[in-house]
Amino acid sequence: MTVFSGVVVLVLVLVVVGYVLRVVRRLARYRGLAEQSARLVDVELERRYVQLQPFLTAAESADLSGDLLRQLAGARSWSKAVRDRGLGMQAQAAAENALSAAFHAVLDDAEARRSVVGNWAFQGPAGDLTVTEKRIAGAVRVYNDTAYQLSEAVGSFPSSLIAKARSVTAPEPFVETKESLDEHRAAEVAA
């Protein structure tokens with residue numbers, strides 16, 4: 001009986017060690033994917049920031065609404081300031097959503113006026129930005145999926161014990177919350 005008990009204990013220890021190693025690898029994989037996808041989001045947001053300057057110049061020369069262009073320029077500055085200050089993913093999501101909305105408002109104005117249909121100086125930057133908007137949406141979707149997977153792994157028992165022991169925390173999703181909307185409205189009122 002003692003040999004049998006020893007074998008059972010050894011098998012149980014091996015199962016527990018195997019489970020712990022599997023959870024450690026899974027947490028490391030999710031954390032690495034979350035970091036990579038966050039960098040991808042940053043790359044795409046920076047690409048949009050750079051692409052907005054030629055778009056703004058072309059939109060000004062196309063005589064589009066000055067109010068909409070000022071809103072777009074302000075949203076561009078705000079999104080850059082939020083990223084530079086590292087205010088968190090929720091504040092960044094709010095700023096980036098405001099920037100996307102301002103960009104699409106300018107596009108809608110251009111479409112309504114029909115004054116830029118054959119203006120390739122406007123259409124080129126507008127097309128580049130439209131593609132970048134789609135790339136941002138895809139990068140954010142990948143980041144959020146990975147962040148939610150890591151959050152689930154960090155928050156569920158017994159992997160939460162291993163995550164806590166290895167100092168793995170759940171990343172903040174790239175979503176706009178009611179609090180960040182309220183902060184945005186307060187910033188707009190102050191401006």
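Buried means under 20% relative accessible area, exposed means over 50%, and partly exposed lies in between (1.4 Å probe, protein chains only). The model is predicted: local features need pLDDT of at least 70, side-chain atom pairs count only at pLDDT 80 or more, and totals for chains, interfaces and linings use all residues. Residues are numbered from 1 along each chain as its sequence is written, and side-chain values use heavy atoms, without hydrogens and water.

**View 1. F55 and F103 form an edge-to-face aromatic pair.** Rings of Phe, Tyr and Trp (its six-membered ring) pair if their centres lie within 6.5 Å; planes under 30 degrees apart are stacked, over 60 edge-to-face, the rest tilted. Here the centres are 5.1 Å apart, with 65° between the planes. F55 lies in helix α1 and F103 in helix α3 (residues 89-113), so the pair ties together parts 48 residues apart in sequence. Helices are DSSP runs (H or I, at least four residues), numbered from the N terminus. F103 is buried, at 1% relative accessible area.

**View 2. F55 and F122 form a tilted pair.** F122 is buried, at 2%. F55 is buried too, at 0%. Ring pairs link F55, F103 and F122 into a cluster.

**View 3. R76 and K80 each lie over the face of Y49.** A charge sits over a ring if NZ of Lys or CZ of Arg is within 6 Å of the ring centre and within 35 degrees of the ring normal. R76 is at 3.9 Å from the ring centre. K80 is at 5.0 Å.

Notes: Helix = DSSP H or I, 4+ residues; strand = E, 2+ residues; numbered from the N terminus.
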